[in-house]
Amino acid sequence: MSSRATPSASASRSDPSKDSQRYTLNSRTSLAARQNYLFGWTPRSISGLDDLLARKGMLGVQGSNQSSKDILSVIDSLKKQVAVERCIFIKKRMVENNEKLIGVTNHVYTLSKERSNSVINNTEKNLDLLTKRQRDAFGMLNGLDLTNGEKDKNGSQEDSYASSAVLVGSSFGMKNVVRPIKLPEVKKLPPYTTWIFLDRNQRMTEDQSVVGRRRIYYDQNGGEALICSDSEEEIVEEEEEKREFVDSEDYILRMTIQEVGLSDAVLDSLAQCFSRSPCEVKARYEILMKGEKDAQCEKKGSTDDKTQMDDSFFDKDLDAALDSFDNLFCRRCLVFDCRLHGCSQDLVFPAEKQLPWNYTDEENVPCGVNCYRLAQKLESNAIRSSPVHNGLEEKPVPSSGSAGDQISPRKKGTSSSVGKKLKSNQSESASSNARNTSESSESEIRPRQDNSSIHNSSSPQKAKLVGKCGVHKRNSKRVAERVFVCMRKRQKKMIASDSDFVVSGCVWPRDMKLRSNSRKENEEATSSQRKVKTPPTRKPKKKELPAQDSSKSTFNGHDEPSDEMVKGPPEAISDETSKKEEFVDESICKNEATGDKSWKTIEKGLFAKGLEIFGRNSCLIARNLLNGMKTCADVYQYMSCTENKLSNRVGDGTNSLVEGHSKVDYNDTMGSELRTRSRFVRRRGRVRRLKYTWKSAGYHSIRKRITERKDQPCRQFNPCNCKSACGKQCACLLNGTCCEKYCGCPKSCKNRFRGCHCAKSQCRSRQCPCFAADRECDPDVCRNCWVGCGDGTLGVPSQRGDNYECRNMKLLLKQQQRVLLGRSDVSGWGAFLKNSVGKHEYLGEYTGELISHREADKRGKIYDRENSSFLFNLNDQFVLDAYRKGDKLKFANHSPDPNCYAKVIMVAGDHRVGIFAKERINAGEELFYDYRYEPDRAPAWAKKPETTGSKKEEAVTSSGRAKKLA
Amino acid sequence: MAKTAIGCEPTVGSLAPSKKREYKVTNRIQEGKRPLYAVAFNFIDARYYNVFATVGGNRVTVYQCLEGGVIAALQSYVDEDKDESFYTLSWACNIDGTPFLVAGGINGIIRVIDAGSEKIYKSFVGHGDSINEIRTQALKPSLVVSASKDESVRLWNVHTGICILIFAGAGGHRNEVLSVDFHPSDIYRIASCGMDNTVKIWSMKEFWTYVEKSFTWTDLPSKFPTKYVQFPVFIASVHSNYVDCNRWLGDFILSKSVDNEIVLWEPKTKEQTPGEGAIDILQKYPVPECDIWFIKFSCDFHYNAAAIGNREGKIFVWELQSSPPVLIARLSHVQCKSPIRQTAMSFDGSTILCCCEDGTIWRWDAVGAS
């Protein structure tokens with residue numbers, strides 16, 4: 001089968017378009033070479049190609065109109081060639097494998113030889129019995145005549161007739177020598193399928209599904225195999241599978257089209273040949289041609305620039321970098337790759353945010369060599385005599401920047417960008433994206449940074465303050481004032497926050513003015529900007545400042561009237577202030593000039609996050625988020641700059657969408673902070689009444705659901721993404737579930753389950769709203785629920801003196817009883833209790849795979865046949881299947897008179913099945929519970945003697961062994 | 001199964017016999033009434049190359065092949081539980097070289113018999129259901145692996161009686177495991193197949209410390225930290241029905257379903273991304289009338305040939321490593337009509353044994369070979 005090397009006088013049209021039908025005697029080699037080059041698929045045997053080329057030569061002469069017969073013959077010869085190739089390939093692989101295998105088996109052979117030798121040497125005296133028997137048998141054989149072997153002429157192959165004589169030769173020695181040795185009986189285990197222990201439920205992974213898959217069930221008793229599948233589904237599955245084009249198909253495709261040209265007829269026959277559709281073939285051909293061109297180009301270029309891949313992580317913005325985090329991290333369980341809630345969950349951003357980290361003063365110590373405190377001390381004592389104050393006390397500095405600062409960006413957010421509205425609550429992605437783009441604009445803004453502080457001070461009351469005393473004093477004083485002002489501001493804000501709409505309404509006109517204003521200002525500042533853009537030119541900037549100042553003052557002038565709160569004129573912006581401001585900024589900007597550019601997108605994103613988490617604490621931000629990237633001093637500088645820029649930007653109102661996004665970071669933090677506070681205030685004010693009404697409302701509906709549940713299963717909870725208190729469109733409300741702490745809606749949402757505020761009752765009776773609603777208490781939600789740590793043996797005092805721990809968190813805390821797995825007294829396996837427990841004690845959780853009802857139906861078909869099912873109805877969406885994954889409680893048997901009961905309980909947003917003691921159970925007793933099969937479906941052994949048409953809340957199934965019981 | 005693409009077709013062996021080697025029936029033994037499910041030569045210890053054992057019902061019997069077609073019974077073991085029905089056996093040995101017979105069946109208990117002292121050495125309880133196949137690691141013959149109806153494959157140390165690893169769980173088989181085999185040279189690698197129509201390749205490389213630990217374990221075997229291997233390195237869908245026998249042929253795998261053929265294929269696993277990979281079906285060895293499950297083939301020591309019986313009592317002997325495959329011989333005998341559950345080829349392939357559903361053992365010897 002080697003390649004026929006006789007150089008036939010083959011002719012070839014190497015390329016129809018370029019070289020017009022050139023006849024070459026020895027073109028085979030060149031063509032082959034070209035193929036190698038183009039296709040990367042090396043035909044070693046060219047016998048098929050020879051024919052092809054010969055025929056091709058004729059075709060070439062004939063012209064371009066080939067009959068389908070020609071096409072087919074071309075394809076056929078190519079196919080033949082490919083087939084031969086394949087044979088050779090396989091042969092080669094077989095030989096390679098064989099060579100390797102010979103070495104392996106020889107090695108094993110020597111091993112077995114060594115084994116026998118060593119044993120012989122060691123135990124020459126006491127021969128093992130197998131060897132002894134072997135020798136005995138051999139001895140006996142030699143003693144006897146070789147009668148057996150001679151009878152064997154007739155046994156043969158190929159169906160030849162064999163006499164029965166052969167059957168005589170037989171078990172010689174059998175009767176005499178061999179006495180059966182008894183293997184003592186070992187008690188076998190009750191049957192089970194290997195299962196994996198789960199301490200919490202898991203959602204089924206896609207590959208575990210049996211839906212649409214063909215399953216063959218082997219019936220042990222009938223000895224027959226049954227196919228369990230739904231035919232339609234099965235067909236769909238198998239047809240959908242798309243086959244990739246393999247190299248050889250590509251080769252045939254290329255060669256055919258190259259030889260006979262591209263036409264529908266060709267495509268049709270190719271499609272037939274590959275058993276695909278013609279368009280599929282055509283698409284593939286186009287891909288190939290493209291790839292070929294690329295390959296050629298690459299050859300020409302012959303340079304590989306693949307070094308771009310480096311550092312990809314740092315080039316991304318925070319959102320992109322967090323992509324995997326967003327996809328893989330479960331915000332409910334706080335783990336990566338959560339098996340219960342799965343990956344790529346809908347991101348729910350809470351409408352309320354937590355306050356930034358509240359740090360204490362004892363952290364006044366510099367955080368390290370690069371702490372900004374040290375850096376500042378070194379740099380400029382004069383200007384920043386009390387920078388520590390600045391950093392620490394002035395926590396909400398961004399918010400200290402004026403009402404305009406706080407309100408307007410948010411207004412912009414809501415008014416100008418629809419996109420932001422969508423993401424409004426946290427708008428992380430938007431902000432980090434925006435950061436990216438806004439960088440460019442920031443450099444322009446920098447010259448106007450001095451604006452910012454002035455603008456800050458130009459805000460209502462502060463303006464006055466600053467005007468009166470602050471301005472002439474040293475910077476540190478100003479800082480202190482700012483803090484003061486900002487506090488006042490916040491208070492005011494709290495009051496104002498409820499009337500956000502009004503404020504925004506007011507802001508509108510102001511914004512407009514600002515815009516026009518800033519346009520002017522821009523014009524004025526263009527010259528300065530141009531210069532400042534080039535970092536080294538520091539000094540010119542100073543000179544230009546006056547001009548800017550003037551623009552500022554006008555700008556402020558415009559600003560004020562729009563703000564009703566402001567009474568006094570802006571005034572007070574003396575040259576002195578501006579100078580000082582400028583000076584401060586200068587010192588900041590000195591580093592920033594280089595620093596700003598060296599801040600990568602991701603670093604900026606991280607910084608913004610840090611600001612959210614820690615507030616204005618560069619030490620913590622640097623340590624926790626930018627470790628190894630930026631030092632504390634860097635962060636501090638950047639913080640000061642951005643803060644200035646921010647307020648500036650607000651002031652100048654250039655108001656690009658992008659900027660609006662980036663600002664949201666700060667403002668949202670602030671805004672939410674305010675919101676929480678205001679809510680707090682509100683709560684304080686009318687807590688009691690409100691809470692009761694909410695609670696009773698929620699309580700009522702839940703109880704209703706409990707009563708309904710008899711015929712209607714509980715509903716699966718999915719957190720809603722409502723931005724404000726849930727309305728009629730709330731997903732939870734529509735679904736009929738309560739909002740939980742995982743929902744986006746604020747805590748004040750009326751649909752929220754309010755938890756309980758039990759104290760002495762310890763949430764153990766239906767008087768506890770949680771208990772009554774079949775929920776576990778949640779310390780995040782309930783008011784008085786707590787548990788102590790340890791049992792006091794370690795000398796740790798219990799947290800509270802009252803000793804009224806919540807007793808309704810046992811699933812959450814896994815406070816379960818020790819369950820033992822053993823041979824059931826009834827049948828098969830059974831679950832036993834290690835220690836005795838009292839009535840209603842929680843014993844453990846029935847865990848398993850969470851599967852859909854559809855899936856459960858499919859699986860159930862097989863389980864029912866085996867009469868062994870571990871399915872447990874959980875809620876309207878899911879069924880628990882403990883067949884392959886679960887815990888020991890899956891082995892608890894059914895009894896019509898059980899000592900346990902099962903209950904579906906909502907624990908932190910998830911339904912879980914708890915098994916509880918129905919009565920007092922002594923140590924070592926076997927556990928039984930009523931599987932509560934639906935009356936019409938229950939197997940005979942699970943049917944109750946009398947039909948109690950009562951609680952059918954959950955259909956429990958388990959090992960079919962219990963069937964022997966009834 | 002998807003259609004094979006052009007250029008990926010396997011080479012299919014021709015059923016025309018080559019008469020490369022001729023075999024003759026030289027003996028037949030009726031062992032009992034119950035079906036015999038397994039027969040195996042001892043390839044572990046060179047002293048016992050001519051010793052083989054069969055299992056059927058509750059009985060394990062050891063024989064010796066002598067010259068002239070003589071079969072001498074050497075030992076016989078009977079489980080006291082009459083309901084036991086052994087399905088499989090494998091030769092192994094203790095670390096001191098004592099020959100062991102490891103058998104398992106419907107009861108799910110693995111019996112380790114010390115053939116050197118003719119006593120039960122250990123019984124492994126743990127499988128939740130019947131055991132369909134046991135294989136021995138030739139490079140470390142005190143390691144055996146068992147395939148069970150409980151959907152797991154377990155690795156045992158027969159010396160210490162420890163269940164080292166359980167291959168089951170999230171990525172495990174979804175139905176009975178029918179067959180399992182150790183890779184001949186890669187000690188970490190096994191392949192298993194079963195009623196879920198898949199062949200799974202597992203690696204125990206990451207768990208090898210546990211294997212080593214099992215040799216030095218002095219505490220109770222039940223206290224050993226048995227590990228679950230939940231994810232195979234590769235799952236191959238080569239067949240569309242039960243896969244009841246698989247064997248490594250070097251780095252390739254021979255497997256059979258109920259489609260009247262043995263398939264040789266190459267698993268192309270990717271080291272970086274376990275679980276993914278492709279298969280390349282290289283050769284097919286047709287075996288007519290072999291469409292019922294639980295028919296296993298066997299190879300000689302050097303994997304030159306494989307012998308497989310069929311539903312009608314015929315044996316097909318294929319030359320494994322030639323391409324295209326060559327049918328060495330087709331063996332049949334008028335009185336051998338019941339399904340052949342398993343065959344055994346002697347060290348050099350000169351003797352072929354088969355055990356049948358009707359409880360008979362047939363011995364075929366190559367003509368011209370002494």
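1. In strand S6 of chain B, Asp79(B) is the bridge partner of Leu183(A). The strands concerned are S1 of chain A (residues 181–183) and S6(B), which pair in the parallel sense over three bridges. Strands are DSSP runs of E, at least two residues long, and helices are runs of H or I of at least four, both numbered from the N terminus. Two strands pair if DSSP finds at least two bridges between them.

2. On the model itself: it is predicted, local features need pLDDT of at least 70, side-chain atom pairs count only at pLDDT 80 or more, and totals for chains, interfaces and linings use all residues. Residues are numbered from 1 along each chain as its sequence is written, chains are lettered from A and ligands numbered from 1 in the order written, and side-chain values use heavy atoms, leaving out hydrogens and water.

3. How many residues meet across the interface? Chain B contributes 123 residues in contact with 94 residues of chain A; contact means heavy atoms within 4.5 Å. The two chains bury about 9,000 Å² between them, 57% of it on carbon and sulfur atoms. Buried area is the accessible area (1.4 Å probe) lost on putting two parts together, summed over both.

4. Polar links also cross the interface. Between chain B and chain A there are 35 residue pairs in polar contact, both residues at pLDDT 80 or more. A polar contact is a pair of N or O atoms within 3.5 Å; within protein, one must be able to donate a hydrogen and the other to accept it, and sequence neighbours count only if both atoms are side-chain atoms. S6(B), residues 71–79, gives the most to the side of chain B that touches chain A, with nine residues. That side divides into 61 nonpolar, 35 polar and 27 charged residues.

5. Five salt bridges join chain B and chain A. The term requires a side-chain nitrogen of Lys or Arg within 4 Å of a carboxyl oxygen of Asp or Glu. One pairs Arg93(A) with Glu266(B), the closest N and O atoms being 2.3 Å apart.

6. Over all chains, the count is 37 salt bridges. Among them is Asp876(A) with Arg715(A), at 3.4 Å, N to O. Both sit in loops, 161 residues apart: Asp876(A) between strands S12 and S13, Arg715(A) between helices H29 and H30 of chain A.

7. Chain B has an open sheet of four strands, order S15-S16-S17-S19, with antiparallel pairing. S15 (177–182) and S19 (234–236) are its edge strands. Three bridges join S17(B) to S19(B). Ile201(B) stands opposite Phe234(B) in S19(B).

How values were computed: Ala, Val, Leu, Ile, Met, Phe, Trp, Tyr, Cys and Pro count as nonpolar, Asp, Glu, Lys and Arg as charged, and the others, Gly among them, as polar.
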